Every structure is written in structure tokens, then in C-alpha cells.
Amino acid sequence: MKSSASTSKSRGSNVGLCAILVDELTWLGVRRVVIAPGSRSTPLAVALAASTMEVSTCLDERAAAFFALGIARRTGEPVMVVTTSGTASLELVPAVAEASLGGIPLLVVTADRPARLRGVSAPQTLDQLQALTGFVRRTLALELLPSLSEGDLASIARQLVLELVGAPDGTGPVHLNIGIDEPLLGDGYVADDLAEEFFASRDDRARVRPVSFRPRLGALDPLVMAEIFDPGRHGWLLLGGAANTGGEEGEKVTAAVALSERLGWVLGADARTQVATSPNVVIHLDGLARGACALPEIAVVIGDFPLARSVMAALRAIVAAGGEVVTLNDRFVVRDPGRFVTGSYVVDVRATLCMALEDLVRAQRVAASDSLVALDRRIDAIIERFVIEHGDTEIAFARRLHHVLTGHESLFVSASMPIRYLDQFRGYHDDPPLVAMNRGANGIDGVVASYLGFADAAPDELATLLIGDLATLYDIGALIHLPLPRKGLIVVLDNQGGLIFDQVPPATQIPIEVQTELFVAPPRIRPARVLEGLGLEVVRVKRADELDALVERARAGAFLVAAYEGTRTASAGALSSLYARIDLEREKERTQA
């Protein structure tokens, strides 16, 4: 046991001050941290090692931030990521941008040189206070000085957590930049004091959690609610990105399904929405909206807008025809990506849906709604016949993987084509898996690291990843630096890259050689070979039904990779063929109407 004098000195050292801050953050609910090692952040690392936080390390700052993002996305709880000074802080920008757009509580802590050494060409020093400003709720600057009291650090911890999870506009990232002078550990630091006495002595104190979390929003005004949810009108409910994971989110999904049934409206659900098969649920939103369809008088978008771009055109057409598009959100964020929304409300969405449900008598189903549901079922049958005939296509792999997973299991999905495959061609499911993706910034950056974090947050549940070849190669270093899932399966759709650029409008206007060289950028090596070189078990698969056995192995405690190797030409041909079948069915529907 060290003397009280040495412990007192340690408390005033850089390590001791960091330990006080870490302890306060832990008390306020920050339980996970990912550290990218470095010299300037040494006091933080030492304090965290002695704390009760669960610590992960990753050499690559960008991957560390996306790993923390994946954990926070799965748990909904704040996660801290720590880096050293210099360009390390800039590596965090992509993940912080995703956290900002997705409302993820990411606490970014960057070590820095002291203020007196900034702007004088000190090595590994840049303006870190401005590095993340455009993407965080708040940037706080802290200088580690002996004059800091425990009360000062407790107050800073409270402010950080309030900004992370307590702001009226919802959760989001916060940045703390800590200036640390040398000696880095601080004068008077004595090894082992923190572990043996410091945290134990603080645990003895009676403390009340001094944080008021996010204010409770109210339900929508009853008069406005009655006008929106009018059973006399033909309407759509569109539910984007709602996971039925229990609690308020699960109640929101359940209430939306029940409300749509009572109104006689269809409920459109994208791939992120964890909703079971229901008589009024439609899932092939892109197929339904690709051509002209019977438009409703009103569409109510709950949460995110659906993934399919064709739905945006349909919503715009509703407004052009004199109808309404209304958004309901439970955090303050402007959702009007096409600048056509006619009404936006920030409310307690669950309470609003439940109140509307209580106030409504069951309506007669609208004929147009029945027609849309019937068309959705026929589109699904077309897709099912296609994947039976063409089980060696990327479409079949996406549909099969979603089909074999169940409720508590997860499917992380990469931009760009894998998201589209899953959203447009997945089938109905009585117990669908939890689907997640980095959709805030719509990019392929950090997908593998985010998946690994998502899996790490629930290690006893099977976690799968559906990803393309370019996204795999772009983030393949995450598989070197980060912990691998206990139960995991990565499905790589390798078509030699860049199929998305065949699908966007400019594709027909750019010479093929320019498109290939400047946009597609075919990789020089197949991802499977690189993954094998990392020592991972890679199984090359040719048909989608081969995934069944691999999923069972992963459920039993394996981590492996399934690599499907095709070509861009074959993948583009399969898409064109299936779209043609769906469009033909839509044309039959139109002519019969």
C-alpha cells in the first residue's frame, strides 16, 4: 500500500487528472473506449488501463473511430475514442461525420501539445480544435494543469455527457481536446497508485448521477394528428431505419404496423426496418415506385427516408399532384432531401403513433392500398423465381443471407450495391434479423471496422457482413488491428469493382474507358487472396444456398469469409434481367387498371 502522500501527488499528476476525468465519465455511463496508441495520449492510456472501462486498442485511428462507432450504433450508449496529437485527429473525421449524420453518441478525445506550443512549428502539432468542428455538437478545450480541481473535471465530464446524449436535438458526437505538457505522466506520478488506491478511494464516495438526460418530447398536437391520420384519405406510412429491438423503438414499430392496419394504409419498410411479414406491409419499395403507381393523398415518413431513390420521385409526385408528404422525427434534424416535404414535426413518435391508434376506429381498406400490397407480393414472387433460376448471382446471395438469419442476429451492409441488393430484393421474413449500415454519409469508408464494432457490442450473437470488393479492400486493415467476432461471417461480393457506376445516370454518357479508369478502378487483386493472406478462413462459394452451412458454422462459434467471385458484366446483366421482369409485371398492372 502506497502512502497517502504519494497518492496525493499522483492525483495532481497528468495521469491523476486524467483518472479523475475517466472516473467521472464512467460514473455517467461511458463504459467503452477504443484507444489508438500514441505518445502524447500516454496519461489517458495509463488512467484508462487502471479504470473499470472496457478498453480496446487499434493502431489505425480511422479504424478505431469506426469500431467505436459500430459499438455505439449497436448499444445506443456513448463510446469514447482516444488518439494522440497531430494528423491522428484528422483520421477521425470520416467516422465523426457518420456519427453526426446518424445521431451516434461518439466521444472523441484527442491528446494535444499544450497551448503554448501551438502555432510555433512544434512537431506533431496542428489546429486540432478546428479539425472536427463541422461535425461535432461541441468542441471543448482542456489544459491539464495542477490547478484543476476534482470539481472542475467532474463538471467537464457532465458537460460532455450532456452534449453527447442529453441535447434536445438528440445524440451526437462531442470532441474533447486535451493539452498535455511534459513530463507526460506528470510530476509526482507513482506507478500503481491509481489501481491500488485512487479508483478504490473514489468508489467509496457516495455519489448521485448529476446528469439530466434528454428532455422528453411531447406527442403531436391532437388536432394536427387527426388531420394527418385521417382514415378517410388514401395514405402511405413509410418507416425508415427502425429496429424492433425492444423498448421504445420496438413499441414504435409495433404501433406503426397497427396504425397502418387501422387506417387501411400500406406500411412501406426499407431494409433497415426490422418488421415481420404483415398483411399491409410492403417491402419492395423500389419495384413499386419504378413506374407510375396509384399515388396516395398523403405520405407520412417516420424517421429516415426509405433507401430507394425511386421512392423519392414518387413522393415528389405526390406533392406535385396536390398531396402531402409529412415527416415525424424524435430528434431535431431536417429531413427533406428532395426539398418537397410539406410538413415536419419533431415529436415523441412512439407516443404520437399510440395516441393516433387509440383515437381511430378501424377504417375500410382502400382499394388502391390492396392493389399495392398485391403488386408487392407479385414482385416478391418474381424475385424468388429469379434467384431459384440464378442462384449464382449477387442478388441471390443478398436475399439468401437475409433469409437464413433471424431476430437477434445481425446483418451489417455496405454501400453501394450490397445495400441496394438487400433493400430491393430481400424477401418477407417472420423474424427478420437486425440490419444496420453506415448510411449517414452514404460512403464505403470504415465498413469493416464498423461491422467489427457492431459485432463486438453483442459477442454472443451471430453478426454477418454483406460487402463489396472495393469496400473490403478499402478497409481491410481493420481485420489486422481489431478484435474479430466470436460468431461471424463476412460475405464478399466480388465483381471486380465499381458496379454502382454502371447504375447511375452518367454511365451512359461517359466513354467506357474513362468510366473504367476514373470511376470503377478495378482492383489488381481479388479480396479473397488478401483475406487468406491475413490468415482468415476463406470459402469460395458459387451458389447462394451454400451460405446455409456457413451460417450454421458461424452460429456454432466460427469466424469465416464467404467469397463470391463474379464479373461486373454478369452482375449488371442479372440486374437488367430482373428489372425487366419487374417492369413487365408493373406494365401488366397498369394496363389492367
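Residues are numbered from 1 along each chain as its sequence is written, and side-chain values use heavy atoms, with hydrogens and water left out. Since the model is predicted, local features need pLDDT of at least 70 and side-chain atom pairs count only at pLDDT 80 or more, while totals for chains, interfaces and linings use all residues.

Let me begin with the helix pairs. Two packed helices are described by the angle between their axes and the distance between the axes. Helices here are DSSP runs of H or I with at least four residues, strands are runs of E with at least two, and both are numbered from the N terminus. The axes are lines fitted to C-alpha atoms, for helices over the stretch in contact, and the angles run from 0 to 180 degrees between N-to-C directions.

Helix α2, residues 14-27, packs against helix α3, residues 42-50, at an angle of about 55 degrees, and their axes are 8 Å apart. That makes α2 oblique to α3, where angles under 35 degrees count as roughly parallel, over 145 as roughly antiparallel, 65 to 115 as roughly perpendicular and the rest as oblique. On the α2 side the contact (heavy atoms within 4.5 Å) is made by N14, V15, C18, A19 and V22, and on the α3 side by P43, L44, V46, A47 and L48.

In the second pair, helix α15, residues 394-404, and helix α23, residues 547-555, pack at about 40 degrees with their axes 10 Å apart. That makes α15 oblique to α23. Here F397, R400, L401 and V404 of α15 meet L547, D548, V551 and R555 of α23.

Now to some loop residues.

S13 lies between α1 and α2 and is buried at 1% relative accessible area; leaving aside neighbours within four places in sequence, S13 is in contact with L185, G186, D187 and Y189. L132 lies between α6 and β5 and counts as buried at 0% relative accessibility, and the C-alpha atoms of L132 and P173, 41 residues apart along the chain, are separated by 9.7 Å.

Finally, the backbone. Most residues other than glycine have a negative phi, and most peptide bonds are trans. The peptide bond from E182 to P183 is cis, with omega near 0 degrees, and the bond from A415 to S416 is cis as well, with omega near 5 degrees. R339, in the loop between β11 and β12, has a positive phi near 55 degrees and is exposed at 72%. N442 has a positive phi of about 60 degrees although it is not a glycine, and at 42% relative accessibility N442 counts as partly exposed.

Conventions. Buried means under 20% relative accessible area, exposed over 50%, partly exposed in between (1.4 Å probe, protein chains only).
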